[in-house]
Amino acid sequence: MDLDRSCLDLMIRLLEQDLDGAAAGADTSVQFSAREIAKMKEKIRKLCDTVHNKHLDLQNITAGHLAMETLLSLTSKRAGDWFKEELRLLGGLDHIVDKVRECVDHLDREDEKEKLVSSLWGAERCLRVLESVTVHNPENQSYLIAYKDSSLIVSSAKALSRCEAMIQRYSRTLSSDGAMVGKAVEDCMRAIIGVLLNLTHDNEWGSTKTGEQEDLIMTALNCVLKVPQFLPQEQRFDIRVLLFLQRERAAVLAEAQTDDLIKEPPKAPLDQSGQWQETGGEIQWVADGEKKKDGEDEELDLNKALQHAGKHMEDSIVASYTAMLLGCLCQGSQSNVNTVRENLPKGDFSIMTEMLKKFLNFMNLTCDVGTTGQKSISRIIDYLEHC
């Protein structure tokens, strides 16, 4: 089906009509008999069965429900520039954000697993659409930040906190009992982070509003340090990088909250005899007398070699984002500088700056020179070199 402005306008008017009817207590039986209504619903159910949409609630067949499902199904695939603008101008974004808030408000009800999964799926689908229509679109970003006193950011922060708590109880890596809930939580978390990344990218207003959300930075910190162990191995790198990006942006513009983040730094190794070394792009503590494995003597087939290189690349990227985040937290806070220095080998920031320089060189090779990310890394390197 080709989507044009008239189709979009029709769907949104159906949404609004459904809401107006509900608010006014409209009774369709005045216009149609019970038999006619039942016959229409049966026809619609048969049509719905042909599209194989698992999200359709066949017990809740209303014009608004069908319009929302159609809107979510189509917008995830057809978010061209014209569509992003029309969705905002026609009021479609309003309905989607309101739906996010409605779903998030139901995430506290864990006693009914089916309804919990339905709420997680609903929030995730809406957030995927919002993520799509805010990519490189400052107008939609600003509109969503402002809408109903930052309702989207407030709901996203609340949802991330709920997901962070639930992922430990429904981890697919620990038990298969809550696999369906666990998968829904994982997908919802990624969608939340995607939206928050778009709303904070090169956007001081969005970053400030995000950083102001109660306990959001601590929730994100727990997600970085604790959540990956509850995720399938292949997803841990993605979630860490997304969260590091989000933490770095929020921390830059919410410095009042950052001092508490590193008051309890990790303990140094009990055996202090050793040194930090970079091995294959990975930073690790090597104790004196510990013999490193000679990788050259290991005969790895091509697949294992590629997996090994990929793991080192992932470790290097995570190490680089860690250094970026610490650099952001150090700016404007001497107490944070002192805390980080105390936990670095010999109190030297060079281990961080060297990693960032390598990451910057990699970005210069793969990205357009002069992007915001490269400028941010250069600024942090310069700051740390003068600490």
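Colleague: Let's start with Cys163: buried or exposed?

Modeller: Keep in mind that this is a predicted model. Cys163 has a relative accessibility of 0%. The cut-off for burial is under 20%, so Cys163 counts as buried.

Colleague: And how many disulfides does a search of the whole structure find?

Modeller: Take Cys163 as a test case: its nearest cysteine sulfur belongs to Cys188 and sits 4.2 Å away. A disulfide needs the two sulfur atoms within 2.5 Å, and Cys163 is in no disulfide. For the whole structure, the number of disulfides found is zero.

Colleague: What about Cys387, which cysteine has the nearest sulfur?

Modeller: Cys387 is in no disulfide either. Its relative accessibility is 31%, which counts as partly exposed. The nearest cysteine sulfur is 6.0 Å away, and it belongs to Cys330.

Colleague: On to the rings. How many aromatic pairs does the structure hold, and what geometry do Trp82 and Phe83 have?

Modeller: The structure holds three aromatic pairs. For Trp82 and Phe83, the ring centres are 5.6 Å apart and the planes stand at 85°. Planes over 60 degrees apart fall in one class, so this pair is edge-to-face.

Colleague: What is the angle between the planes of Tyr321 and Phe359?

Modeller: Tyr321 and Phe359 form an aromatic pair, 5.5 Å centre to centre. The pair is edge-to-face, with the planes at 70°.

Colleague: How many residues apart in sequence are the parts that this pair ties together?

Modeller: Tyr321 lies in helix H13, residues 302-330, while Phe359 lies in helix H15, residues 350-366.

Colleague: Zooming out, what share of the contacts with a separation of 6 or more comes from residues 24 or more positions apart?

Modeller: The protein chain's secondary structure comes to 16 helices and two strands. Among its contacts with a separation of 6 or more, residues 24 or more positions apart account for 72%.

Colleague: Last one: what share of the accessible surface belongs to carbon and sulfur atoms?

Modeller: Of the 387 residues in the chain, 43% count as buried. The accessible surface of the chain comes to about 21500 Å², and the carbon and sulfur share is 51%.

Note on methods: Residues numbered from 1 in each chain as written. Predicted model: local features only at pLDDT ≥ 70, side-chain atom pairs only at ≥ 80, totals over all residues. Heavy atoms only, no water. Phe/Tyr/Trp six-rings, centres within 6.5 Å; stacked < 30°, edge-to-face > 60°. Helix = DSSP H or I, 4+ residues; strand = E, 2+ residues; numbered from the N terminus. Buried < 20%, exposed > 50% of the residue type's maximum accessible area, 1.4 Å probe, protein only. Contact = heavy atoms within 4.5 Å. Areas by Shrake-Rupley, 256 points an atom, 1.4 Å probe, with all protein chains shown as cover.
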